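Subject: Structure handover

Hello,

I am passing on the structure for you to look through. Please open it first, then read my notes below with it in view.

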Amino acid sequence: MMALIDEWKSAPPSTRLACGLVFIVSLISVLFGLLNYPVIGHDAYVHLNWLDQFPRLFDQGIFYPRWLPDSFGGFGSPTFYFYAPLVYWIAGLLYFIGVHSPSTLYQTIQLGFSIASVFTAYILLRQMDGSRLRSLLGALVYSFLAYRFCDVYVRNALTEHAALAFLALIFLRFPDRLRSIAAYTIGWIGLLLTNLPIAYISVISVTVVLLAQRNYRKIPLQTISLVIAIAVSAIYLFPAFALRGLVHQRHLFDLPMRASQFGFALLDLFQSHFDWLRILSVATIIAALLPLLKKEGVRGWSRNGWRWLIAVTVFLQIPFISAPIWHSFPGMPFVQFSWRWNVVLLLALSAIFVKGDSKLVNCILIGLALVTLLSELTLSRNIFSHPPLPINAYRMDAPEYAPKWTSDDPNEVIAITQRRMSDASAVLLGITMPNDSVALISKLPTEWRFKVQLSRETQIRFHQYYWPYWKLHRDSTDIPLAPDPNGLASALLPAGQYAINLKLEESKIEIIGRTTSKAGLAILAILLIIACYRWITKEHVEHPVQVITRNV
């Protein structure tokens, strides 16, 4: 702490001013969370829905609740077959210790990952020979300013925000290859299990930096780390990719955000779509561009991977020019919005800041802090007004996670949900006799039991969307399920008195993914043990314990 104070005293006035403003902006961002700023942004309703259901199911003993039974008016949703689970596992643990409110869970998790982001970014920046003060300042810029503030309080992109705590780990440097692989693997696991678009951005970012630095020896280390991370994350990744054709995936790209295709903030502003998301995104682009305009030009970029990374990420946010790449480069459309690249710009800007005491960079940070401060002051009115949360009574889930047998029109899905959400758990269809009945005996998140009494073969419709891994059994006999025209599960039941079970079963790809993850975890454990052993023995060799003896 004393060293930090000494650096503050010796810093030039522009650095002090930048530090003061960044600290104030960071503190206000933390206070927003501590004061339970209402979760009312773009993705608020889905995250509040998931933060309510997933932790409750986790608390009931379902370690990985892939099916959310209360979504879409109780018809259910296969959300977590496709959505990254790490943040929600953490929410489940917090729920277990008594944090039950979805909004409180949101703020607790985002604050925790903000602190983790500061920590990992600080370690990275210190490795770049940055002073303690400048490294801390750079870490705060990366964790709280501009787009990062927008991510938490405007977009409510909880898992994207969480993923950014792991981004810095994949740029760390260690003299020991095993330690490098271990650190990179943890970083990649965190990225893959929190947010796949950010993981994709990270792959491109690391590639650009390593190629620009001509650091080809690290490419195999990163490749090995990524392969191990994919194995560890297979419990999520394998079903997510193998089953993606069973949902309306295309609805990822038709969100009602008044955004241009691929979310070009520059184009949106010119089309008069003014909000803090676009303003802060453009401010981040301008702030990152200015250090590139120094006198040495491109010649001064030799082996400066961070400058090349800024150039690439800014280019990808320029409308029209970069559009062909967004359409044709493999995987790029999956990123969805070009403004997501701003997280890389903030990290690169922080890396450039710690490497020198440039007045230009100090002024850039001052300007970025002032714009963020203005956004904080503008949005602070919501702390006291508490506007209504954008979550509805029938728990609409994200439209891209509706099973493919439902309507391709999200509005029609909503209409059917509203119209039939009060239906019984099972409804007999067609002409029935007076004593015919299907009575619900018990209902668990992954299994329903019914008592059936039918005088003849009858069609039945369940209060459940059809999903091929929900299976209907009568004793040891399978009864085929099929989707009705609205995508609801239906079956033809035989006459008689008997009990039936509607049960969610594991798919083969889930079993393969779980087995692969166990193998990956075993490899990771061995890797960490060896890396820790080498680090400890090296510390003992470099800093041997001094033994003090006395002559008696």
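Helix H2 and helix H19 (residues 359-379) have axes that come within 9 Å and cross at roughly 25°. Helices here are DSSP runs of H or I with at least four residues, strands are runs of E with at least two, and both are numbered from the N terminus. Axes are lines fitted to C-alpha atoms, for helices over the stretch in contact, and angles run from 0 to 180 degrees between N-to-C directions. The crossing angle makes H2 roughly parallel to H19, because angles under 35 degrees count as roughly parallel, over 145 as roughly antiparallel, 65 to 115 as roughly perpendicular and the rest as oblique. H2 passes H19 in a left-handed crossing (the near helix is turned anticlockwise from the far one by less than a right angle; clockwise would be right-handed).

This is a predicted model: local features need pLDDT of at least 70, side-chain atom pairs count only at pLDDT 80 or more, and totals for chains, interfaces and linings use all residues. Residues are numbered from 1 along each chain as its sequence is written, and side-chain values use heavy atoms, with hydrogens and water left out.

On the H2 side, the residues that meet H19 include Leu-17, Leu-21, Ile-28 and Phe-32. Among their partners in H19 are Leu-365, Ile-366 and Leu-373. Contact means heavy atoms within 4.5 Å. By class, the contact of H2 with H19 has 14 nonpolar, five polar and two charged residues (Ala, Val, Leu, Ile, Met, Phe, Trp, Tyr, Cys and Pro are nonpolar, Asp, Glu, Lys and Arg charged, and the others, Gly among them, polar).

Ala-11 lies in the loop between helix H1 (2-10) and helix H2 (13-34). Is Ala-11 buried or exposed? Ala-11 is buried, because its relative accessible area is 13% (buried is under 20%, exposed over 50%, partly exposed in between, with a 1.4 Å probe and protein chains only). Leaving aside residues up to four places away in sequence, Ala-11 touches Arg-16 and Leu-133.

H7 passes H18 in a right-handed crossing. The H7 residues in the contact include Leu-137, Gly-138 and Tyr-142, and those of H18 include Leu-346 and Phe-353. The contact of H7 with H18 divides into eight nonpolar, three polar and one charged residue.

Now the strands. Five of them form an open sheet in the order E2-E3-E9-E5-E6, with antiparallel pairing; two strands pair if DSSP finds at least two bridges between them. The edge strands, each pairing on one side only, are E2 (437-444) and E6 (477-479). From one strand to the next, the twist averages 30°.

How many bridges join E3 to E9? Eight bridges join strand E3 (residues 447-454) to strand E9 (residues 496-504), and Gln-453 stands opposite Gln-497 in E9. Strand E5 (residues 470-474) pairs with E9 over four bridges, with Lys-471 opposite Lys-503. Three bridges join E5 to E6, where Leu-472 has Ile-479 as its bridge partner. E5 and E6 form a hairpin with two residues between them, and Asp-475 in the turn has a positive phi of about 55°.

Regards
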